[in-house]
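Trainee: I have a model open and want to go through its geometry. Can we take it step by step?

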Amino acid sequence: MAEKISAPKGTYDILPRDQPVRLWVEGRAADVFRRYGYGRLDTPMFEETRLFARGVGESTDIVRKEMYTFQDMGGRSMTLRPEGTAPAARAYVEHGMHTWPQPVKLWYHWPMFRYESPQSGRYRQHWQFGIEAFGSDSPVLDAEVIGVLATLYDDIGLAQVELRLNSMGCRECRPDYVARLRAFLEDRKGELCKDCRERATLNPLRTFDCKVEGCRAVMEQAPRLIDWLCPACAEHHAVVQRHLELQGIAYLPDHRLVRGMDYYTRTTFEFQSAVLGAQSGVGGGGRYDDLVETIGGPPTPGVGFRNGSRTHPSGIGAFPRRPAHGRGTDRLPSRPHRRGPGTGLPAGPRAPPAGGRGGA
Ligand SMILES: [Zn+2]
Ligand SMILES: [Zn+2]
């Protein structure tokens, strides 16, 4: 008998019995996105490597060590898509979407590819859905984007998620802050782990992500970007918060929330499980006002999110779900359950009032 062949390490098959859950979640997502005025975008599963190198950033973990990069027969360097924002920005530029009515609102549901270590429990191919809104720098749009994800979680009954919010500043205020942080890290170098000593030079903001006890203690005393925002960024952040409050969405300020891409400016956010803790980000995103320009387009602000679990085939993670009509958590409601105001969980996000701002 010939040797048996298995699926590549870190991948999974999706069998017929798993399809209804996926279809149901995608259907709910598509419905919420449509209500907010988002149109579906599909792009190739691979792109020129330089799109991610420039867009996501040479110094990020993704570009340095997680990409599936190969040379095609024509000798061009290609990469399997590791994230959705750079390809969406590329399509925005390529199709002249800056001439469309702004903001241009796009959504996707795509497989993503990252060369993860199998021990981390992360998959090398996983699915994400996300939205990207290009062409407006209004902080109201940031709050709306967060509201779309909150509405979706509410809609599919994802329970006990809490929203963390931060600002990454802009190209006016961040460089000064990074210089300040770098000087601080240089002073405390002896107390940092090997990875953080490397991050201190390469990408100092990532030192906030370190899980090593000693590093965390040092970072408690580090200067915080949120305290060094320029007046325009501070005002932007204040308006985002005001509009979250207007939508009744609870959030926790978290100055350590830097996320892994270089393109983020101003707002960053993440929904985490209140039960599973900080390693459990299920969805998040932020603003990327310089990205389109970085990849060769006209200066165009943008904001978006992605949702997807790198550790769980459902794509929404092993999250507590509100029981649907008394059935088990792995069964779908025959009709999606939607709760009215005032019946929710304390830490959960709340949807905007029915018939509220929904886009066209
Ligand atoms: Zn700024
Ligand atoms: Zn460290």
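**Backbone and helix packing**

Mentor: Arginine 266 has 26 C-beta neighbours inside 10 Å, so arginine 266 counts as buried (20 or more other C-beta atoms within 10 Å, placed from the backbone; 12 or fewer is exposed, in between partly exposed). This is a predicted model, where local features need pLDDT of at least 70, side-chain atom pairs count only at pLDDT 80 or more, and totals for chains, interfaces and linings use all residues. Residues are numbered from 1 along each chain as its sequence is written, with chains lettered from A and ligands numbered from 1 in the order in which they are written.

Trainee: What is the phi of arginine 266?

Mentor: Most residues other than glycine have a negative phi. Arginine 266 is in strand β9, residues 265–273 (strands are DSSP E runs of at least two residues, helices H or I runs of at least four, numbered from the N terminus). Its phi is positive, although it is not a glycine: about 50°.

Trainee: Which residues does a cis peptide bond join?

Mentor: Most peptide bonds are trans. Omega is about -5°, and the pair is glutamine 102 and proline 103.

Trainee: How far apart are the end C-alpha atoms of α5?

Mentor: The expected span is 1.5 Å times one less than the number of residues. For the 18 residues of α5 that gives 26 Å, and the ends agree: they are 26 Å apart.

Trainee: How many of the 18 residues of α5 are buried?

Mentor: Of the 360 residues of the protein, 41% count as buried. Helix α5 is largely enclosed by the rest of the structure, because its buried residues number 16 of 18.

Trainee: Are α5 and α9 parallel or oblique to each other?

Mentor: The axes of α5 (residues 139–156) and α9 (residues 231–246) come within 8 Å and cross at roughly 45°. Axes are lines fitted to C-alpha atoms over the stretch in contact, with angles from 0 to 180 degrees between N-to-C directions. Under 35 degrees is roughly parallel, over 145 roughly antiparallel, 65 to 115 roughly perpendicular, the rest oblique. The two helices are therefore oblique.

Trainee: Which residues in α9 meet α5?

Mentor: Contact means C-beta atoms, placed from the backbone, within 7 Å. From α5 come Pro139, Val140, Asp142, Ala143 and Ile146. Their partners in α9 are His236, Val239, Val240, His243 and Leu244.

Definitions and conventions
Two residues are in contact if their C-beta atoms, placed from the backbone, lie within 7 Å.
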